[in-house]
Amino acid sequence: MPPEDMLSLQFPVPHVPKNPVLGWASFSRTGPSPTGDAAMPSVLSLPHRRDVTSARVAIALALQRLGVGRGDRVLVPAYHCLSMVEPVVFCGAEPYFFPLTPRLEVPLATLEGFDLSRVRAILVTHYFGFPQAMRAICAFARARGIPVVEDCAHAVFGRADGEPIGSWGDYAAVSLMKFFPVYDGGCLISASHALDDLDLRRPSRRFEAKALVNSIERGLFYRRFHGMQTAARTTLMLKDAMWRTFKRLRGARSATPFAYRDPAASDGVNGLDPAWLDRRISFASQQLVERLPVARIIARRRANYLKLDAALRALPDARPLFDTLPDGVVPYVFPLLVERPERVFRRLKTDGVPLFRWERLWNDEAARVDPLSARYATEIFQLPCHQELTDADLDWIVERVQAAFRAASSP
Ligand SMILES: Cc1ncc(COP(=O)(O)O)c(C=O)c1O
């Protein structure tokens, strides 16, 4: 089997990466001028930080440290992905969904009318990297004795109300895979609460190896290591062949099937496995996060977002969710709000455009509380704008999206 096909088995379409992939360019200190953005703060630099394997684990740990448990309620935004709710339920608490404004802000006036008697925390999400009004939210929550967990899964850099994003809440949770080319990684962070007592263990050697190989493998698949593609691919093919043989032999010898699980976040699925709650991030991912230059990440994400914004703003029956990209925002994706989304969604997915949406809410209650969030689950298309997209990748995405809308509007 040719190398391309071998690798395609593990990485089917799309051929434009949805998340950052490692390559020579990831280490580059040149590129678009960082201007003032280089000085942009990062939640990763706040005083207290422990690195785990995903943001959902970090949210669960934050809730545990706040003493959230059975019989408690946690305020959760009605527009969500399932992995934002998993940690709440894991802690034994009930998600108490609240609606959002059309720009996904927290409507404090509406929350005034909620029964807050059993609420032990509020999860505040900086959607797509755009900050919430944290000063007002924290004033509201603290006046009622409700701790705040900032969901910074989409917001690693930037400010909220003039302060570093993530520094307002009691705790913040970060998802490193969304901003760095790593297989695993999330952070529990706090500006105010020490985290030294958190007892974290090293992951298994198998997982350490997998995290390292996976980052390189993905980079090779997307051709980001010019000059060493052939040699490295051959080595990885050999590794795959050995691994398959090992699994076959082990499966034949063992009475129980050979099975292991990586963190759900690394496998791209929802869920929270308690086995990963006390595990540190892998060494390879940690090193990459510490060493990769961030000015390029900040500048390229902003530039890519603006390019998509300029090209897709005039689409019929669609518009960017946000009118502008303010200074101090480093976007996670470019959110496009699409009317009658089914006309174009399947076609784009079939074409291999690496867009996604949250599809469904946790339960009917969330949709009842906020019909707008229920609509947004299918109407907000999340298009990638990460630092490893090339100009050719972006041109291709734009061309495919425009073609899909043209086809949908022609009689
Ligand atoms: C807003 C938000 N919060 C939390 C999470 C959970 O992040 P992780 O996959 O690192 O657990 C996600 C994941 O997609 C997310 O989009």
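Start with the largest nonpolar core, which has 109 residues. A nonpolar core here is a set of buried Ala, Val, Leu, Ile, Met, Phe, Trp, Tyr and Cys residues joined through C-beta atoms within 7 Å. Buried means 20 or more other C-beta atoms within 10 Å of a residue's own, exposed means 12 or fewer, and C-beta atoms are placed from the backbone. Select Ala58, Ala62, Leu63, Val74, Ala173 and Val174: these have the most contacts inside the core.

Next, color helix α2, residues 55-65, which gives the most to this core, with eight residues. Helices (H or I, at least four residues) and strands (E, at least two) are DSSP runs, numbered from the N terminus.

Before going on, note that this is a predicted model: local features need pLDDT of at least 70, side-chain atom pairs count only at pLDDT 80 or more, and totals for chains, interfaces and linings use all residues. Residues are numbered from 1 along each chain as its sequence is written.

Zoom to Leu63. Beyond its neighbours within four places in sequence, Leu63 is in contact (C-beta atoms, placed from the backbone, within 7 Å) with Val68, Val74, Pro87, Val88, Cys91, Ala121 and Val149. Then find a second, separate core of five residues, including Val21, Leu22, Leu220 and Tyr222.

Move to helix α13, residues 391-409. Select its buried residues: Leu394, Ile397, Val401, Ala404 and Phe405. Finally, turn to the face away from the buried side, with exposed Asp391, Ala392, Asp395, Arg406 and Ala407.

Terms used. The expected span of a helix is 1.5 Å times one less than its number of residues. Two residues are in contact if their C-beta atoms, placed from the backbone, lie within 7 Å.
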